[in-house]
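Here is a short briefing to read alongside the model. Keep the viewer open and follow the residues as they come up.

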Amino acid sequence: MIELLKLREHSDLAAEAAVWFHDKWQIPLEEYTESIQECLNGECVPQWYVVVEDERIIGGAGVIENNFHNRKDLTPNVCAVYVEKEYRCRGIAGKLLAFLCEDMRSFGLKTLYLVTEHTGFYERYGWKFLCKVTCEGEPNMMRMYFCEL
């Protein structure tokens, strides 16, 4: 059975989740560890979510202030959305996005943003294209989306 979990309610998964996100995105492990610890300390942002099946993380996402782009006014940002390849095309990413949006709404937030290279994927889950932004280390402009909660 697949479970969607808020890491702030499952601190026992914090270290494993930090390693999992690091493996997927190659961002330094310390960055994930620190951000997840902030989440556990009760901050609204950052927040981290995992999808688990049979005690194995198969997907995840986070919400952080800024996902390495130049538009500091567009915050907070969904980041690190990932579902293991063998679990894709089953609607898991959509359920994860809905889950985290509902959770962020409970904190009183009205809008979330995300940066992606994907065209068409996030639109099917209600996200709308906003503009293009410059991201650290990226030669091309990236697509910025928003979702009203």
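Of the 149 residues in the protein chain, 46% are buried. This is a predicted model, so please read each value below as computed from predicted coordinates. The notes go from the overall build to the cores, and then to a handful of individual residues.

**Overall build**

- The protein chain holds three helices and seven strands, and from the N terminus on these elements follow the order β-α-α-β-β-β-α-β-β-β.
- Its radius of gyration is 14 Å, close to the 15 Å that the globule rule gives for 149 residues, so the chain is as compact as a globular protein of that length.
- Along the principal axes, the C-alpha atoms fill a box of roughly 40 × 30 × 30 Å.
- Among contacts in the chain with a separation of 6 or more, 58% are between residues 24 or more positions apart.

**Surface and charge**

- The accessible surface of the chain is about 8,100 Å², and carbon and sulfur atoms account for 50% of it.

**The nonpolar cores**

- In soluble globular proteins, nonpolar side chains tend to be buried together.
- Here the largest nonpolar core has 23 residues, and those with the most contacts inside it are Val63, Val78, Leu97, Leu100, Leu112 and Trp127.
- At least two residues of this core come from each of strand S2 (47–53), strand S3 (56–64), strand S4 (77–83), helix H3 (92–106), strand S5 (111–116) and strand S7 (142–148).
- Helix H3 gives the largest share of this core, with seven residues.
- Another core, of 19 residues, lies apart from the largest one and includes Ile36, Val50, Ile64 and Cys79.
- Which residues does Trp127 touch, not counting those up to four places away in sequence? They are Val78, Leu97, Cys101, Leu112, Tyr113, Leu114, Tyr122, Tyr145, Phe146 and Cys147.

- Ile64 is found in strand S3, and it counts as buried because its relative accessibility is 14%, with the cut-off at under 20%.
- Leaving aside neighbours within four places in sequence, Ile64 is in contact with Ser35, Val45, Pro46, Trp48, Thr75, Pro76, Asn77 and Cys79.
- Ile64 and Thr75 are eleven residues apart along the chain, and their C-alpha atoms are separated by 7.9 Å.
- Val45 and Pro46 are joined by a cis peptide bond with omega about 10°, and Pro46 lies in the loop between helix H2 (29–40) and S2.
- Thr75 and Pro76 are also joined by a cis peptide bond, here with omega about 0°, and Pro76 lies in the loop between S3 and S4.

**Positive phi values**

- Most residues other than glycine have a negative phi, and most peptide bonds are trans.
- Gln26 has a positive phi, near 60°, and is found in the loop between helix H1 (14–25) and H2.
- Is Gln26 buried or exposed? Gln26 is exposed, because its relative accessible area is 56% and the cut-off is over 50%.
- Cys89 likewise has a positive phi, near 65°, and is found in the loop between S4 and H3.
- Cys89 counts as exposed, with a relative accessibility of 84%.

**Two glutamates to look up**

- Glu117 is in the loop between S5 and strand S6 (128–133), and counts as exposed at 59% relative accessibility.
- Leaving aside neighbours within four places in sequence, Glu117 is in contact with Glu138, Met142 and Arg143.
- Glu117 and Arg143 are 26 residues apart in sequence and 6.1 Å apart in space, C-alpha to C-alpha.
- Glu53 is found in strand S2 and counts as buried at 18% relative accessibility.
- Not counting residues up to four places away in sequence, Glu53 touches Met1, Ile2, Ile58 and Tyr87.

Notes: Residues numbered from 1 in each chain as written. Predicted model: local features only at pLDDT ≥ 70, side-chain atom pairs only at ≥ 80, totals over all residues. Heavy atoms only, no water. Core = buried A, V, L, I, M, F, W, Y, C linked by side-chain atoms within 4.5 Å. Buried < 20%, exposed > 50% of the residue type's maximum accessible area, 1.4 Å probe, protein only. Helix = DSSP H or I, 4+ residues; strand = E, 2+ residues; numbered from the N terminus. Contact = heavy atoms within 4.5 Å. Rg over C-alpha atoms; globule rule 2.2 N^0.38 Å. Areas by Shrake-Rupley, 256 points an atom, 1.4 Å probe, with all protein chains shown as cover.
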